[in-house]
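Work through these exercises with the structure open beside you. Try each task before you read its solution.

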Amino acid sequence: MTAARWLSLALPLLAVLAVGARERDRSGRAAGLLAFLAAAIGIAALHEVARLAGWYAFAPVDGAYRGMPVDLWIGWAALWGPLPVLLRRVLPLPVALGLLLWIDAVAMPALHPLVRLGPHWLVGEVVGLLAVALPAQLLGRFCADRRHLAARTLLQVGVFTALLLWFLPSLAFEFGDGSWAGLTGLGRTGLLVVAQLALLAATPALAAVAEFAVRGGGTPYPWDPPRRLVTTGPYAYLANPMQLTAVVLLLCTAAVTRSVTLVLAAVSAGAFGAAVAGPHEHHDLRMRYGDSWRSYRRQVRDWWPRWRPYSSGSPAVLWLDDDCGPCAATWRMLARRPPVGLRIRPAREHERVLWRAEYVGGDGHKERGVAAVARALEHVHLGWAVVGWTLRLPGATWLAQLVTDAMIAPPHPARLRGEPCPTPSSVSSTAPSPPSASTASPVSPPAPSPPPPE
């Protein structure tokens, strides 16, 4: 078994090193590393499922993590993650998955008695390829070639969420103290409350990830960063929203699971971010963005948020129908709390007919309807910004827009002053649909506008 373990580790790693040495593109090597992380976490999760389903198990050996030999685990992750990514130019994805299936079908029976196969182990193999190897390959290939920004961002969020909220706590419980029993023993109501609090704590990080993608054209992965400096959204208040959120979530998990080890892990993560990752990131951003970065960093801190947002460049514009009750009320609410870097203008003055509120950022980014108002809230202060980020969570915007259209103010063309504002009951189901976003024309430069009617 010793020889089998060494070969299972050495052969995949040597293959990765040999192919990686020929990879000239730094982003390709970084994508291989990310694919390795995704495969390693996925294989650990697959092992837990396999134990329950009886697909396969491992002989008791030294150097194992929850019954899985670590050397076999690392070799397996290298085979399912970075190796096919580095060979992506000559190995299409379907061919790569077919080869992985063939290698495992040959190797796993040959590893007996180290690997003990159940009667349905091929089912587990197919599940593993579809649930672990395929996402790892998609993530690695998309990141290496900088394709499909939305897909690779979502895959990264999935990997980092599993790392933070499942793998690291499980590791802490295995080698330290605490257990998942502290969480599972809460009951359905307790779990629901914890899940809601966790989602609220994660909201700044999720909004920051979205900001990286839609405003910066990049992802949270350090070797797949935004192409433009991002100082909007959570970054208008805090320079490190993702790192701070990660530490807070680890501390919350530690409190629920009663794990001192996890507290130490959270403190270590914060110290690493401040003392090691932080200086490297600052140097990189200073070299890439120069004075813009320096101006931003003079006013926005790493770990303690501002109360009012940072703003630079051209102001954003929020177009509202000031002759419609709900929109006028929104205007008055914002006017009582003067927003930073935001101008509000009557929708009737827009170059085209607007059917919903529209937000246009200084960089040209656009949002409509509830999402537009949520964006405007980010210009007020931190409290309202959290509300805006929550409204822009996946699914929350759609639900809020549905309720608004049905019960508050349906989509309608902005009218001249004095014309009645439609109500949900007065809008016919045969009314024309709003024009598509693709027909939008650039907005005119912001200009002073009259206050909304009282």
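**Exercise 1.** Why are Trp 76 and Trp 80 separated by about one helical turn?

*Solution.* First, some ground rules. This is a predicted model: local features need pLDDT of at least 70, side-chain atom pairs count only at pLDDT 80 or more, and totals for chains, interfaces and linings use all residues. Residues are numbered from 1 along each chain as its sequence is written, and side-chain values use heavy atoms, leaving out hydrogens and water.

Step 1. Find helix α3, residues 70-80. Helices (H or I, at least four residues) and strands (E, at least two) are DSSP runs, numbered from the N terminus.

Step 2. Count along the helix. Trp 76 and Trp 80 are four residues apart in α3, so about one helical turn separates them.

**Exercise 2.** Which kind of aromatic pair do Trp 76 and Trp 80 form?

*Solution.* Step 1. Know the rule. Rings of Phe, Tyr and Trp (its six-membered ring) pair if their centres lie within 6.5 Å; planes under 30 degrees apart count as stacked, over 60 as edge-to-face and the rest as tilted.

Step 2. Take the total. The structure holds 14 aromatic pairs.

Step 3. Apply the rule. Trp 76 and Trp 80 lie 5.3 Å apart, centre to centre, with 70° between the planes, and the pair is edge-to-face.

Step 4. Check the surroundings. Both Trp 76 and Trp 80 are buried (under 20% relative accessible area; exposed is over 50%, partly exposed in between; 1.4 Å probe, protein chains only).

**Exercise 3.** Where in the chain do Tyr 237 and Trp 389 lie?

*Solution.* Step 1. Describe the pair. Tyr 237 and Trp 389 are edge-to-face, at 5.9 Å centre to centre and 80° between the planes.

Step 2. Place each residue. Tyr 237 is in the loop between α9 (187-214) and α10 (241-257), and Trp 389 is in helix α15 (residues 382-391). They are 152 residues apart, and the pair links distant parts of the chain.

Step 3. Check burial. Tyr 237 is buried, at 1% relative accessible area. Trp 389 is buried too, at 4%.

**Exercise 4.** Which residues have a positive phi without being glycine?

*Solution.* Step 1. Recall the background. Most residues other than glycine have a negative phi.

Step 2. Take Arg 66. Its phi is near 50°. Arg 66 sits in the loop between β2 (64-65) and β3 (68-69). It is partly exposed, at 30%.

Step 3. Take His 148. Its phi is about 50°. His 148 sits in the loop between α6 (121-145) and α7 (149-175). It is partly exposed, at 48%.
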